Amino acid sequence: MKKVTKKRIKRREWTKDDIKELKAHSKARTPVIKISKMTKRTIGALRQKALHLGIGLGHQR
């Protein structure tokens, strides 16, 4: 039987530049999927950070 290994989750800290970029995308109403691909973060991570910052995210709010 083959041994299935789980992919390790690597966490990255949010830098000031990351937060500035997220706020700019929020203001521009960029779709979350596009932001996710640009920043290489999951949609859930983006939504959690936006919630923590108190900003809306996505083009449909």
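Leaving aside neighbours within four places in sequence, with which residues is Leu 46 in contact? Leu 46 is in contact with Trp 14, Leu 22, Val 32, Ile 35, Ser 36, Thr 39, Arg 41 and Leu 57, where contact means heavy atoms within 4.5 Å. The legends below concern a predicted model, in which local features need pLDDT of at least 70, side-chain atom pairs count only at pLDDT 80 or more, and totals for chains, interfaces and linings use all residues. Residues are numbered from 1 along each chain as its sequence is written, and side-chain values use heavy atoms, with hydrogens and water left out.

**View A. Leu 46 in helix H3.**
Leu 46 belongs to helix H3; helices (H or I, at least four residues) and strands (E, at least two) are DSSP runs, numbered from the N terminus. The relative accessible area of Leu 46 is 0%, so this residue is buried. The term buried means under 20% relative accessible area, exposed means over 50%, and partly exposed lies in between (1.4 Å probe, protein chains only). Between Leu 46 and Ile 35 the C-alpha to C-alpha distance is 8.2 Å, and the two are eleven residues apart in sequence.

**View B. The contact of helices H2 and H3.**
Helix H2 (residues 32-39) and helix H3 (residues 43-53) have axes that come within 9 Å and cross at roughly 105°. Axes are lines fitted to C-alpha atoms, for helices over the stretch in contact, and angles run from 0 to 180 degrees between N-to-C directions. Angles under 35 degrees count as roughly parallel, over 145 as roughly antiparallel, 65 to 115 as roughly perpendicular and the rest as oblique. From H2, the contact is made by Val 32, Ile 33, Ile 35, Ser 36 and Thr 39; from H3, by Ile 43, Leu 46 and Arg 47. By class, five residues of this contact are nonpolar, two are polar and one is charged. Here Ala, Val, Leu, Ile, Met, Phe, Trp, Tyr, Cys and Pro count as nonpolar, Asp, Glu, Lys and Arg as charged, and the others, Gly among them, as polar.

**View C. Ser 36 in helix H2.**
Ser 36 is placed in helix H2 and counts as buried, at 15% relative accessibility. Its contacts, leaving aside neighbours within four places in sequence, are Arg 41, Thr 42, Ile 43 and Leu 46. Ser 36 and Leu 46 are ten residues apart in sequence, and their C-alpha atoms are 7.3 Å apart in space.

**View D. The contact of helices H1 and H3.**
The axis of helix H1 (residues 16-28) and that of H3 come within 11 Å and cross at roughly 90°. H1 is therefore roughly perpendicular to H3. In H1, Ile 19, Leu 22 and Lys 23 meet Leu 46, Lys 49, Ala 50 and Leu 53 of H3. This contact has five nonpolar, no polar and two charged residues.

**View E. The largest nonpolar core and Leu 57.**
Six residues make up the largest nonpolar core: Leu 22, Val 32, Ile 35, Leu 46, Ala 50 and Leu 57. A nonpolar core is a set of buried Ala, Val, Leu, Ile, Met, Phe, Trp, Tyr and Cys residues joined through side-chain atoms within 4.5 Å. At least two residues of the core come from each of H2 and H3. Leu 57 lies in the segment after H3 and counts as buried, at 8% relative accessibility. Not counting residues up to four places away in sequence, Leu 57 touches Leu 22, Ser 26, Val 32, Ile 35, Leu 46, Arg 47 and Ala 50.

**View F. Arg 41 in the loop between H2 and H3.**
Arg 41 lies in the loop between H2 and H3 and counts as buried, at 11% relative accessibility. A polar atom of the Arg 41 side chain lies 3.2 Å from the backbone oxygen of Glu 13. Not counting residues up to four places away in sequence, Arg 41 touches Arg 12, Glu 13, Trp 14, Asp 18, Ser 36 and Leu 46.

Arg 29 is placed in the loop between H1 and H2, and its phi is near 55°, a positive value in a residue other than glycine. With a relative accessible area of 45%, Arg 29 is partly exposed. Lys 40 is found in the loop between H2 and H3; its phi, near 55°, is a positive value in a residue other than glycine. Lys 40 is exposed, with a relative accessible area of 69%.

Definitions and conventions:
Polar contact = N/O pair within 3.5 Å; in protein donor to acceptor, adjacent residues only side chain to side chain.
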